[in-house]
Amino acid sequence: MKKIEHRKIVLYKGEDHSFAVCAYGESPYLDECLRSLVVQTVKSHIFIITSTPNPHIFSSAEKYGIPLYVNNGEKGLAGDWNFAYDHAETSLVTLAHQDDRYYKNYTEDILTALNACCRHPLLVFTDYNERRENRTVVSNHLLKVKRFMLLPMRFHCFWRSRFIRRCILSFGNPICCPSVTFVKNHLLGFSFRNNMKSNIDWQAWEELSRCRGEFAYVSRPCMEHRIHPNSTTSGILEANERKKEDIRVLRRFWPEWAVKLIEYFYQKAEKFNEL
């Protein structure tokens with residue numbers, strides 16, 4: 001009797017994925033970001049969105065033959081992210097920041113993780129390294145803390161657990177937003193809320209953590225998040241606005257006495273994000 005082969009159905013391919021590059025001003029790192037996307041081992045769609053059109057961005061888009069869309073609607077970080085998210089015509093979309101760069105295996109790894117999901121993936125995110133002063137930082141205090149927080153996500157059995165992901169998020173935000181790929185066809189009606197300056201991603205993860213479905217995780221670094229004086233995160237930290245937003249999100253998980261205790265230690269960790 002001939003042996004029957006059972007092959008796993010591949011649900012997602014490169015053609016199902018888009019990189020939406022959010023570009024602002026005249027970043028000297030935009031070219032490096034785009035170059036890292038066009039050399040991916042698995043090819044997918046790439047487009048740029050901006051609310052600050054200028055010759056630098058137009059030139060970069062023309063150099064790589066990448067479509068460019070101008071956001072003339074809602075402004076701000078959430079407005080731009082929602083514009084980019086909505087413009088993706090594929091079921092999968094990664095909101096790439098112009099200052100970051102992706103390792104060539106990023107698309108391949110996130111597709112592998114999504115295709116390993118059991119039922120209903122909502123998103124997939126990866127580990128990451130930092131980029132400081134043109135140097136790759138593979139480990140520091142903040143990265144160690146975030147990787148420790150995400151240890152349960154190394155096990156596929158916890159990807160579906162709303163309890164586990166809410167426990168993780170209740171102590172801080174270990175998910176690097178540019179590393180996230182959204183499964184749009186499973187997130188009907190999703191959008192970022194334009195009520196914060198820095199924590200709109202953590203707020204989004206908290207809301208999505210309540211949904212039935214899987215948070216897939218790639219435990220090896222697939223990108224580098226750049227930390228520099230002109231980055232949005234660094235600017236907000238210097239302005240001390242992050243603390244107020246941290247408290248707002250922590251209140252979604254904890255009573256007031258616990259919020260103050262967690263915030264004290266969270267702020268200690270965030271100091272490692274400063275230059």
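# Reading cavities, helices and cysteines in a predicted model

Q: What is the volume of the second largest cavity?
A: The second largest cavity has a volume of about 50 Å³. The structure is a predicted model, and the value is computed from its atoms.

Q: How many cavities of 30 Å³ or more does a search of the whole structure find?
A: The search of the whole structure gives three cavities at that cut-off of 30 Å³ or more.

Q: Which residues line the second largest cavity?
A: The lining consists of Phe125, Leu150, Met153, Arg165, Ile168, Leu169, Pro174, Ile175 and Phe215. By residue class, eight are nonpolar, none is polar and one is charged. Helix H6 supplies the largest share of this lining, with three residues.

Q: Which residues of H6 are buried?
A: A residue counts as buried when its relative accessible area is under 20%. In H6, which spans residues 162-169, Ile164, Arg165, Arg166, Ile168 and Leu169 are buried. Among the elements that cover these residues are strand E6 (121-132), helix H5 (141-149), helix H7 (200-208) and strand E9 (214-227).

Q: Where is Leu150, another residue of the cavity lining, found?
A: Leu150 sits in the loop between H5 and H6. Leu150 counts as buried because its relative accessible area is 5%, and the cut-off is under 20%.

Q: Which residues does Leu150 touch, not counting those up to four places away in sequence?
A: Leaving out those neighbours, Leu150 touches Phe125, Ile168, Pro174 and Tyr217. Take Ile168 as a case of sequence separation against spatial separation: Leu150 and Ile168 are 18 residues apart in sequence, and their C-alpha atoms are 7.1 Å apart.

Q: Is Asn72 buried or exposed?
A: Exposed requires over 50% relative accessible area. Asn72 has 67% relative accessibility and therefore counts as exposed. Asn72 lies in the loop between strand E3 (68-70) and helix H3 (76-87). From Asn72 to Ser51 there are 21 residues in sequence and 6.5 Å in space, C-alpha to C-alpha.

Q: How many residues of helix H4 are buried?
A: Eight of the 10 residues in H4 (106-115) are buried, and the helix is mostly covered. The buried set is Tyr106, Thr107, Asp109, Ile110, Leu111, Ala113, Leu114 and Asn115.

Q: Which elements do the buried residues of H4 pack against?
A: They pack against strands E1 (17-23), E4 (92-97), E5 (101-102), E6, E8 (181-183) and E9.

Q: How many disulfides are there?
A: A disulfide is a covalent bond between the sulfur atoms of two cysteines. The cut-off used is a sulfur pair within 2.5 Å. By this rule the count is zero. Cys22 is in no disulfide, and the nearest cysteine sulfur, that of Cys177, is 8.7 Å away. Cys33 is likewise in no disulfide; the nearest cysteine sulfur to Cys33 belongs to Cys22, at 9.6 Å.

Q: Why do Cys22 and Cys33 count as buried?
A: Cys22 counts as buried because its relative accessible area is 1%. Cys33 counts as buried because its relative accessibility is 0%.

Q: What is the mean pLDDT of the chain?
A: The mean is 90, and 88% of the residues reach 70 or more. Over residues 1-7, however, the pLDDT is below 50, and beyond near neighbours in sequence this stretch has zero contacts in the model. Where pLDDT is low, the predicted coordinates should not be read in detail.

Key:
Residues numbered from 1 in each chain as written. Predicted model: local features only at pLDDT ≥ 70, side-chain atom pairs only at ≥ 80, totals over all residues. Heavy atoms only, no water. Buried < 20%, exposed > 50% of the residue type's maximum accessible area, 1.4 Å probe, protein only. Helix = DSSP H or I, 4+ residues; strand = E, 2+ residues; numbered from the N terminus. Contact = heavy atoms within 4.5 Å. 1 Å grid on protein atoms, 1.4 Å probe; cavity = no way out; pocket = protein on both sides within 12 Å on 5 of 7 lines; lining within 4 Å. Points joined across faces, edges and corners; volume = space filled by probe spheres on them. Nonpolar A, V, L, I, M, F, W, Y, C, P; charged D, E, K, R; others polar. pLDDT = per-residue confidence, 0-100.
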